[in-house]
Amino acid sequence: MKTIVIGLTGQTGAGKSTVAALLAGKGFEIIDGDKTAREITSAGSPVLSRLAGEFGADILNADGTLNRSALAAKAFASRDSTRKLNRITHPAITEKMLETVKQAEARGARAVVIDAAALLESGIADRCDIIAVVAAPEKIRLQRIIERDGIDREKAMARIRAQAAEAYYNNAADIIIRAYPPYSVEEETEKLAERIRRLSE
């Protein structure tokens with residue numbers, strides 16, 4: 001049986017990680033984009049060397065590891081900088097994620113969820129049977145980013161502006177998960193879970 005691949009994405013602060021955790025709790029296998037990004041930017045990796053060349057050696061800690069907050073401050077300062085980051089990291093992330101999907105298929109997994117902020121830009125979306133977009137209004141996302149990352153409003157807004165508009169995500173979506181009041185994120189996620197179950201039967 002073919003492994004059903006679900007792409008989970010959305011704008012920063014929308015609640016994607018919450019939805020991924022809920023799906024994991026329902027027994028779905030999650031391929032974590034952030035974890036994959038950390039793996040391909042480990043100390044001494046070719047990707048990390050390219051990032052340091054593009055954004056400066058000050059994105060590295062004294063031990064040669066990536067200072068993620070320093071990179072974020074530079075990479076999300078503008079859309080152009082974000083595009084530079086994506087051009088360097090996306091090919092390696094995509095390759096590793098698709099390799100993980102193949103491993104899941106070899107095990108006979110019925111479904112896997114790819115949790116990736118840059119799913120649509122990376123080309124992984126072409127391999128997905130369902131694209132689920134997590135959505136929330138900008139005001140709510142802004143507050144979540146400030147609290148989540150411990151940054152000020154200006155830096156949080158820079159991260160929001162560095163991403164594509166809401167319509168870009170919604171137009172690509174097969175299903176939209178509304179992760180904000182008055183909607184229940186648990187109920188919204190269950191709708192996606194039920195759709196996955198039907199497809200993988």
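1. Cavity. This predicted model holds one cavity of 30 Å³ or more. A cavity here is a set of points on a 1 Å grid over the protein atoms alone where a 1.4 Å probe fits but cannot get out. The space in the largest cavity is about 40 Å³, a volume being the space filled by probe spheres set on the grid points, which are joined across faces, edges and corners.

2. Lining. The residues lining the largest cavity (an atom within 4 Å of a point) are Gly10, Gln11, Val133, Val134, Ala135, Ala136, Arg141, Glu166, Tyr169 and Asn170. Strand 4 (130-135) and helix 9 (166-172) are the elements that each give two or more residues to this lining; helices (H or I, at least four residues) and strands (E, at least two) are DSSP runs. By class, the lining has five nonpolar, three polar and two charged residues, with Tyr and Ala counted as nonpolar and Gly as polar.

3. Main core. The largest nonpolar core has 32 residues. Such a core joins buried nonpolar residues through side-chain atoms within 4.5 Å, buried meaning under 20% relative accessible area with a 1.4 Å probe. Leu51, Leu71, Ile114 and Leu119 have the most contacts inside this core. Helix 5 (79-107) is among the elements that give it two or more residues, and helix 5 supplies the largest share, seven residues.

4. Leu71. Not counting residues up to four places away in sequence, Leu71 touches Leu51, Phe55, Ile59, Leu66 and Leu85 (heavy atoms within 4.5 Å).

5. Basis. Residues are numbered from 1 along each chain as its sequence is written, and side-chain values use heavy atoms, with hydrogens and water left out. Local features need pLDDT of at least 70 and side-chain atom pairs count only at pLDDT 80 or more, while totals for chains, interfaces and linings use all residues.

How values were computed:
On a 1 Å grid over the protein atoms alone, a cavity is a set of points where a 1.4 Å probe fits but cannot get out, and a pocket is an open set with protein on both sides within 12 Å along at least five of seven lines; lining residues have an atom within 4 Å of a point. Buried means under 20% relative accessible area, exposed over 50%, partly exposed in between (1.4 Å probe, protein chains only).
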